[in-house]
Amino acid sequence: MLRFSKDHNLKGALICTEGIDGSGKSTQIDLLYDWLKSKNADVILTRWNSSDLIANTTRKAKKKNLLSPRTFSLLHAVDFADRLEKVIIPAMKAGFIVLADRYVYTAFARDVARNVDSKWVRNMYSFAIKPDLTVYFDVSAKVSLDRICATRQPKYYEAGMDLKLSNNPYKSYVLFQNRVIQEYKNMIDEFGLIQLDANNTIHSKQLCFRNLVMEVLNRKGIKI
């Protein structure tokens, strides 16, 4: 993982959020994006599994529950590679702040939780560039489930139903997401993820998030 293990030399900055569903990470990066735009900063936002190249294929396969853990992993890697080369790196070369709602750590957590070999997954993403900051919003699987169920039911793969952990989607969700959480916890020291308590208020989390981002931007000499 030579490229991923060293700091990049691009003009821009790469800021990432991570966490299980219901952790509030998307809300936080959306708020950060709006705040940076209000400061007239050059900023773009990219999301996991959003490449036009592969999104439709992934969506159709998920709908029919056709994905094995390794196929699931490979499709997401193709999606990520397309966005990295077409969106993330060009923007950073131009000096933009790139905000990523999920990055390679999502694959490292979810795929390994699905029993895909950890070294295999990490090697597959070895072409990725190292973020300047990754914030992990930590929340329990139970709280995550409660938040999700306020608006919808857990989805098939989200609940890890493909792993046959339980016939009950709610129980399966907690069991699977606890696996994912453990993988995230293992990565805090390995990759230097910054852990924030996702149980705090939206406002307090955003203030802390902004402070962390400003430290990075100031260090890199990016003015906003």
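Reader: Why does Glu-18 count as buried?

Author: This is a predicted model, and the values are computed from it. Buried means under 20% relative accessible area. Glu-18 has 0% relative accessibility, so Glu-18 counts as buried.

Reader: What makes the contact between Arg-102 and Glu-18 a salt bridge?

Author: The label asks for a side-chain nitrogen of Lys or Arg within 4 Å of a carboxyl oxygen of Asp or Glu. The side chains of Arg-102 and Glu-18 meet at 3.9 Å, N to O. That distance is within 4 Å, so the pair is called a salt bridge. Side chains of opposite charge can pair when their charged atoms come close.

Reader: Which parts of the chain does that pair tie together?

Author: Glu-18 is in strand β1, and Arg-102 lies in the loop between β3 and α5 (104-113). The pair therefore ties together parts that are 84 residues apart in sequence. Glu-18 and Arg-102 also belong to a network of salt bridges with Asp-21 and Arg-110.

Reader: Is Arg-102 buried or exposed?

Author: Arg-102 has a relative accessible area of 5%. The cut-off for buried is under 20%, so Arg-102 is buried.

Reader: Why is Arg-47 called partly exposed?

Author: Arg-47 has a relative accessible area of 32%.

Reader: What separates Asp-82 from Lys-86 in helix α4?

Author: About one helical turn, because Asp-82 and Lys-86 are four residues apart in helix α4. They form a salt bridge, with the closest N and O atoms 3.0 Å apart. Asp-82 is buried, with a relative accessible area of 13%, whereas Lys-86 counts as exposed at 60% relative accessibility. In total, the structure holds 15 salt bridges.

Reader: What makes β2 and β5 edge strands?

Author: The five strands form an open sheet in the order β2-β3-β1-β4-β5, with parallel pairing. β2 (43-47) and β5 (194-197) each have a single partner strand, so one side of each is left without a neighbour in the sheet. The twist averages 20° from one strand to the next. Helix α4 packs on this sheet and touches β1, β2 and β3 (97-101). The direction of α4 makes about 160° with that of β2.

Reader: How do you know that β4 and β5 pair?

Author: Pairing requires at least two bridges. Four bridges join strand β4 (residues 133-138) to β5, so the two strands pair. Tyr-136 has Gln-195 in β5 as its bridge partner.

Reader: Why is Thr-17 called buried?

Author: Thr-17 is at 0% relative accessibility, so it counts as buried. Thr-17 is found in strand β1 (residues 13-18). Beyond its neighbours within four places in sequence, the contacts of Thr-17 include Lys-25, Ile-29, Asp-101, Arg-102 and Phe-209.

Reader: Which residues have the most contacts inside the largest nonpolar core?

Author: Tyr-103 and Tyr-125 do, in a core of 60 residues. Helix α4 (residues 69-93) gives the most to this core, with seven residues. Leaving out residues up to four places away in sequence, Tyr-125 touches residues that include Trp-48, His-76, Phe-80 and Phe-108. A second, separate core has five residues, among them Leu-145, Ile-148, Ala-159 and Tyr-173.

Conventions:
Residues are numbered from 1 along each chain as its sequence is written. This is a predicted model: local features need pLDDT of at least 70, side-chain atom pairs count only at pLDDT 80 or more; totals for chains, interfaces and linings use all residues. Side-chain values use heavy atoms; hydrogens and water are left out. A nonpolar core is a set of buried Ala, Val, Leu, Ile, Met, Phe, Trp, Tyr and Cys residues joined through side-chain atoms within 4.5 Å. Buried means under 20% relative accessible area, exposed over 50%, partly exposed in between (1.4 Å probe, protein chains only). Contact means heavy atoms within 4.5 Å. Axes are lines fitted to C-alpha atoms, for helices over the stretch in contact, and angles run from 0 to 180 degrees between N-to-C directions.
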